[in-house]
Amino acid sequence: MMNLKLPVLITSLLVLSGCLPTIKKQWDVQPVEGIVRDGDTQQPVAGAIITNRENPELTATSDAQGRFVIEEQTHVGFHLLMAASALDRQVWLVTHPDYADAIAETTSFIPPLSRTLSQPEVPLYPRDSLDAAPENCAFFGYLKRQGQQLAKTHTRPPAFLIEECADAAARDQLYDLWYR
């Protein structure tokens, strides 16, 4: 009888705290199916390498149509489900020998209890077409060019990209461009 009280007590406390113990499928890696294009011509870019910044093992190479795929990864296991959720952001570095390095993001809900396909379109720009980057703002030229392109469509990129820039003056310039 004593052996049963502890599990019942723990389960009761978890339920009262908003956590529900369950055995469920979860996504360790959400699927990504994107495309890489030349930012000026909109033509597909083959041979671009897309790498997850936090998990470099998640990598793909764009094909002749500029498409790339990161396969989903799931597991079934014991999880504590909570009523609240948040967004998980994945940052992707995109490199190609003929273009300046690019940065992109995908987001999904936490806890990852369902499949959420992300389909980013990543424009690449020739290195010589971008403004020089300050020392502490590696993607400044890319972000500035991206902001100029998106301003034409009245689209605003995610602000977190600007936060990648540690140079205050460059960051202010990007905020002015993207959010004026």
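Which helix is isoleucine 162 found in? Let's start there, and then walk outward through the rest of the chain. Isoleucine 162 is found in helix H3. A word of care before going on: what you see above is a predicted model.

So, is isoleucine 162 buried or exposed? At 0% relative accessibility, isoleucine 162 counts as buried, because buried means under 20%. Who are its neighbours? Leaving aside residues up to four places away in sequence, isoleucine 162 touches Arg171, Leu174, Tyr175, Trp178 and Tyr179. For one of these, leucine 174, there is a distance to quote: its C-alpha atom is 6.6 Å from that of isoleucine 162, and the two residues are 12 apart along the chain.

Now let me step back to the whole chain. The protein chain has four helices and nine strands. If you follow the sequence, the order reads α-β-β-β-β-β-β-β-β-β-α-α-α. The chain counts 180 residues, and 36% of them are buried.

How many disulfides does the count come to? The count comes to one disulfide. Cysteine 137 is joined to cysteine 165, with 2.1 Å from S to S. The two cysteines are 28 residues apart: cysteine 137 sits in the loop between E9 and H2, while cysteine 165 sits in the loop between helix H3 (160-163) and helix H4 (168-179). The angle about the S-S bond is -125°, and the link is left-handed. Both cysteine 137 and cysteine 165 are buried.

Next stop, helix H2. This helix has 12 residues, and nine of them are buried, so H2 is largely enclosed by the rest of the structure. If you want to find the buried ones on screen, look for Phe140, Gly141, Tyr142, Leu143, Lys144, Arg145, Gln146, Gly147 and Leu150. There is also a simple check on the helix's length. At 1.5 Å a residue, H2 should span 16 Å, and its end C-alpha atoms are 16 Å apart, which agrees.

The structure holds one aromatic pair. Its members are tyrosine 125 and tyrosine 142, with ring centres 5.7 Å apart and planes at 50°, and the pair is tilted. Where do the two partners sit? Tyrosine 125 is in the loop between strand E9 (121-124) and helix H2 (140-151), whereas tyrosine 142 is in helix H2, 17 residues away. Tyrosine 125 is buried, and tyrosine 142 is buried too.

That leaves the charged side chains. Side chains of opposite charge can pair when their charged atoms come close. Here the count comes to three salt bridges.

Let me take the two that involve H2. In one, aspartate 40 meets arginine 145 at 2.2 Å, N to O. Aspartate 40 lies in the loop between E2 and strand E3 (49-52) and arginine 145 in helix H2, so this pair ties together parts that are 105 residues apart in sequence. Aspartate 40 is partly exposed at 41% relative accessibility, whereas arginine 145 is buried at 14%.

In the other, aspartate 131 meets lysine 144 at 2.6 Å, N to O. Aspartate 131 is in the loop between E9 and H2, lysine 144 is in helix H2, and 13 residues separate them. Aspartate 131 has a relative accessible area of 40% and is partly exposed, while lysine 144 is buried at 18%.

Glutamate 121 and arginine 37 meet at 3.7 Å, N to O. Glutamate 121 belongs to strand E9 and arginine 37 to strand E2 (residues 32-38), 84 residues apart. Why does glutamate 121 count as exposed? Its relative accessible area is 56%, and exposed means over 50%. Arginine 37, by contrast, is partly exposed at 25%.

To close, here are two things to look for on screen.

Terms used: Residues numbered from 1 in each chain as written. Predicted model: local features only at pLDDT ≥ 70, side-chain atom pairs only at ≥ 80, totals over all residues. Heavy atoms only, no water. Buried < 20%, exposed > 50% of the residue type's maximum accessible area, 1.4 Å probe, protein only. Phe/Tyr/Trp six-rings, centres within 6.5 Å; stacked < 30°, edge-to-face > 60°. Salt bridge = Lys/Arg side-chain N within 4 Å of Asp/Glu carboxyl O. Expected span 1.5 Å × (residues − 1). Disulfide = S-S within 2.5 Å. Contact = heavy atoms within 4.5 Å.
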